[in-house]
Amino acid sequence: MTTRILFVCLGNICRSPAAEAVFSSLSKQAGLDVSLDSAGTAGYHIGKAPYAPMQDAASARGYDLSELRARQFSAADFDDFDLLIGMDMDNVADMKTKRPNGNTTPIRLFTDYTSDSKASDIPDPYFTRDYEGALTLIEEASAGLISWLEKEVAV
Ligand code: 4NP
């Protein structure tokens, strides 16, 4: 069964497209049956490609973000995905405000899947400029989510 996963940040030009591309690459290597997308809770960058410095940093690690385009998170995503993953606690809170009555699609923080219990948010490199730190956390969380899926979901 295909597991449909949506990665969500604020602008959908830095962290969540990176998460989509990293997770796509690592889940392919693991042989998982997943369908992936990313979205932003804000509509500032709809239709735009990922932010160039993030594309460059991701490309240096072998991840291609160039075909991705930003879109805004919407209530329909609760039906279209099996798991919604926020890059920070604001993303999680913003998604919850759009949840349709009666919907039970899980919303998780990406760092829930890291072994580093101190990590909570994936700091936004659009503001911090720490692309490497964000990518390293995204890789760790992706590996953790893959392990969780291998255990919890028939893949
Ligand atoms: P992201 O980063 O949420 O990781 O895509 C941001 C990019 C742009 C803006 C905010 C966050 N912005 O305000 O334009």
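Start by selecting Leu145: leaving out residues up to four places away in sequence, Leu145 touches Ile5, Phe7, Phe23, Leu83, Ile85, Phe110 and Tyr113 (contact means heavy atoms within 4.5 Å). A quick note on what's on screen: this is a predicted model, where local features need pLDDT of at least 70 and side-chain atom pairs count only at pLDDT 80 or more, while totals for chains, interfaces and linings use all residues. Residues are numbered from 1 along each chain as its sequence is written, and side-chain values use heavy atoms, with hydrogens and water left out.

Now widen your selection. Leu145 is one of the residues touching the most other members of the largest nonpolar core, which has 35 residues. Such a core is a set of buried Ala, Val, Leu, Ile, Met, Phe, Trp, Tyr and Cys residues joined through side-chain atoms within 4.5 Å, where buried means under 20% relative accessible area (1.4 Å probe, protein chains only). Next, color α6 (131-152), as it supplies nine residues, the largest share of this core. Helices here are DSSP runs of H or I, at least four residues, numbered from the N terminus.

Then pick Val8, Ala39, Met95 and Ile107: they're among the eleven residues of a second, separate core.

Last stop, the ligand. Show Cys9, Asn12, Arg15, Tyr44, His45 and Asp124, which are among the residues surrounding the ligand (each has a heavy atom within 4 Å of it). Zoom in on the backbone of Leu10, where an N or O atom lies 2.9 Å from a ligand oxygen. Ile13 has a backbone N or O atom 3.0 Å from an oxygen of the ligand.

Terms used:
Buried means under 20% relative accessible area, exposed over 50%, partly exposed in between (1.4 Å probe, protein chains only). Helices (H or I, at least four residues) and strands (E, at least two) are DSSP runs, numbered from the N terminus. A polar contact is a pair of N or O atoms within 3.5 Å; within protein, one must be able to donate a hydrogen and the other to accept it, and residues adjacent in sequence count only if both atoms are side-chain atoms.
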